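Biologist: Please take a close look at one part of this model for me, the charged side chains that pair up. I'd also enjoy hearing what surrounds them in the fold.

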Amino acid sequence: MNTSLPPYRTHADSGVAPAAPAPRGRHSRRFLSVGAFAAVTLALSACGAGAGSGGSTQTADGSAATESAETESVSAAQLASRAEVASVTPRVVMSYDGGLVSLDGETGEVVHEEELDGFLRLNNAGDGQHVMVTKGNTFEVYNAGIDAQGHGDHFHYYESDPGLSGITFEAPHAGHVVVHNGLTTLFADGDGSIQTFTSEHLKDGQPRTETTSTDDPHHGVALQLVDGTLLTTQGTEEARNTVQVKNSGDNGEVLAETTDCTGVHGEAAAAPNENGDVVVLGCEDGPVVYRDGEFHKIAAENEYQRTGNLAGSDDSSVMLGDLKTDAEAEFERPTQVALIDTLTDSLQTVELGSSYWFRSLARGPEGEALVLTYDGELNVIDEETGEITAEIPAIEAWEENEEWQEPGPIVKVADSTAYITDAANQKLVIIDLEAGEVVNEVDLEVTPVEMAVVTGYPEAPEHQAGPTAGSDDEATEEDGHEGHDHAEEGHEGHDH
């Protein structure tokens with residue numbers, strides 16, 4: 001999970017995505033049961049719009065700020081347009097120079113266009129319906145217009161008018177968006193503020209947030225763990241090497257800490273274990289794994305070995321990361337990726353023979369690692385062995401621009417479908433990962449800069465820690481929905 005954030009060059013920092021898994025070899029396969037999913041969605045609704053979050057935002061001093069009339073008006077209009085339908089198909093939301101465009105994820109038909117100025121970054125908001133639009137000092141919320149609501153042993157499906165919802169979150173130098181365990185966490189680089197809210201509450205209007213902050217402003221990231229504690233980076237605009245897990249209570253007691261993560265940048269969750277969350281942090285001197293209440297350092301083979309961009313999956317204990325090894329490079333184009341085993345605290349490198357960039361990484365439906373390389377092929381890597389099992393021709397050959405804001409190819413995955421943009425040729429390519437082939441190619445009227453894909457189902461639904469929560473008698477493929485991987489569901493840590 002996936003979240004688009006500005007990259008940084010290491011020599012000049014800009015400052016500016018479950019139940020305990022059933023074993024699959026060294027890794028895990030987890031399907032979300034309808035019952036477990038319904039526990040999340042029915043707190044909101046019984047086949048309807050659902051109970052709200054109170055329509056207020058918790059500020060840093062504990063006071064409540066009510067929604068603006070504009071927000072209420074827009075949200076109310078979208079709720080009024082809500083209608084039950086027989087089924088929903090994914091929506092592909094893309095930003096471009098001038099606004100947003102939303103497409104039907106199967107046909108490629110344009111379902112909505114929104115004019116909006118500025119450089120727009122996109123992240124899944126967590127509830128399967130909304131997309132966070134990062135614009136300067138604000139997170140704005142875009143309604144993609146589809147919703148799958150659990151009801152007992154089945155789902156009901158709804159559509160509403162797409163468009164900006166009017167829901168906003170102020171955040172100086174708005175940065176990382178992380179969705180995890182039914183919660184969405186927003187990080188502001190300008191003041192170190194951290195805002196967390198229940199993802200599903202976006203469906204009712206402005207959600208109530210829990211707000212805290214880091215010791216100093218910095219380019220950072222945070223997420224709330226399943227046990228209620230907060231994992232966050234600490235640092236300054238000049239340097240950062242610390243990650244903490246803190247009590248979410250008033251005292252903010254530090255429960256675990258590492259200062260051994262030079263240039264910490266980006267995080268992603270792997271498959272949880274019986275003790276709860278497993279999270280990987282990217283560093284310049286080898287990654288750090290948080291597991292079983294402690295941080296575990298994976299020593300770098302070289303003095304500089306950076307894994308700042310990570311793609312995780314609830315279906316795998318192995319994390320996919322980029323891999324850069326030249327600290328002096330003005331613009332490095334790596335051809336190797338890292339597979340980080342969170343059970344053994346080890347790192348394996350995979351040579352691809354062609355370079356890639358920060359928007360090239362994703363995870364497949366079985367936890368397989370996916371990387372789009374300069375030769376236009378989508379490499380499918382067995383995350384256990386590191387073997388490249390397939391090279392799917394996807395788009396024309398390309399090369400990364402030296403300015404990260406300029407359009408380039410993007411890879412996003414929803415269930416067993418990969419969506420890949422060919423920015424240079426204004427195309428969207430849709431790949432069936434199970435068949436290993438392109439099933440649709442859509443001509444675009446705009447040049448996409450960033451992309452998010454929503455399915456109606458939450459990207460990172462609430463889950464329980466414990467050995468029985470993901471047992472075979474509770475979760476099966478027939479339950480109607482598979483969990484989505486964290487690469488698309490929270491954020492991407494960006495880097496050149």
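Modeller: Happy to! Let's start at Asp-443, which counts as exposed because its relative accessible area is 56% (buried is under 20%, exposed over 50% and partly exposed in between, with a 1.4 Å probe and protein chains only). This is a predicted model, so local features need pLDDT of at least 70 and side-chain atom pairs pLDDT 80 or more, while totals for chains, interfaces and linings use all residues. Residues are numbered from 1 along each chain as its sequence is written, and side-chain values use heavy atoms, leaving out hydrogens and water.

The partner of Asp-443 is Lys-427: their side chains meet in a salt bridge, 2.6 Å from N to O (a side-chain nitrogen of Lys or Arg within 4 Å of a carboxyl oxygen of Asp or Glu). This pair links distant parts of the chain, with Asp-443 in strand S38 (residues 437-443) and Lys-427 in strand S37 (residues 427-432), 16 residues apart. Lys-427 is partly exposed, because its relative accessible area is 21%.

Elsewhere, Arg-82, Asp-147, Glu-200 and Lys-203 belong to one network, joined by salt bridges that share partners. In general, side chains of opposite charge can pair when their charged atoms come close. A search of the whole structure finds 11 salt bridges. Arg-82 sits in the loop between helix H2 (69-80) and strand S5 (83-85), while Asp-147 belongs to strand S12 (residues 146-151), so the bridge links distant parts of the chain, 65 residues apart. Asp-147 counts as buried, because its relative accessibility is 1%.

Glu-200 and Lys-203 form a salt bridge whose closest N and O atoms are 3.0 Å apart. Lys-203 is buried, at a relative accessible area of 7%, and Glu-200 is buried too, at 5%.

Now for the surroundings. The protein chain has three helices and 39 strands, and buried residues make up 62% of its 496 residues.

S25 pairs antiparallel with strand S24 (residues 279-281) over three bridges (pairing takes at least two DSSP bridges), and Leu-281 stands opposite Val-288 in S25. Six residues lie between the strands of this hairpin, where Gly-286 takes a positive phi near 100 degrees. S25 also pairs with strand S26 (residues 294-297), again in the antiparallel sense, over four bridges. There, Glu-294 in S26 is the bridge partner of Arg-291. The hairpin of S25 and S26 has two residues between the strands, and Asp-292 takes a positive phi near 55 degrees.

One last stop is Cys-261, in the loop between strand S22 (254-258) and strand S23 (267-269). Cys-261 is buried, because its relative accessible area is 0%. The C-alpha atoms of Cys-261 and Cys-283 are separated by 5.0 Å, although these residues are 22 apart along the chain.
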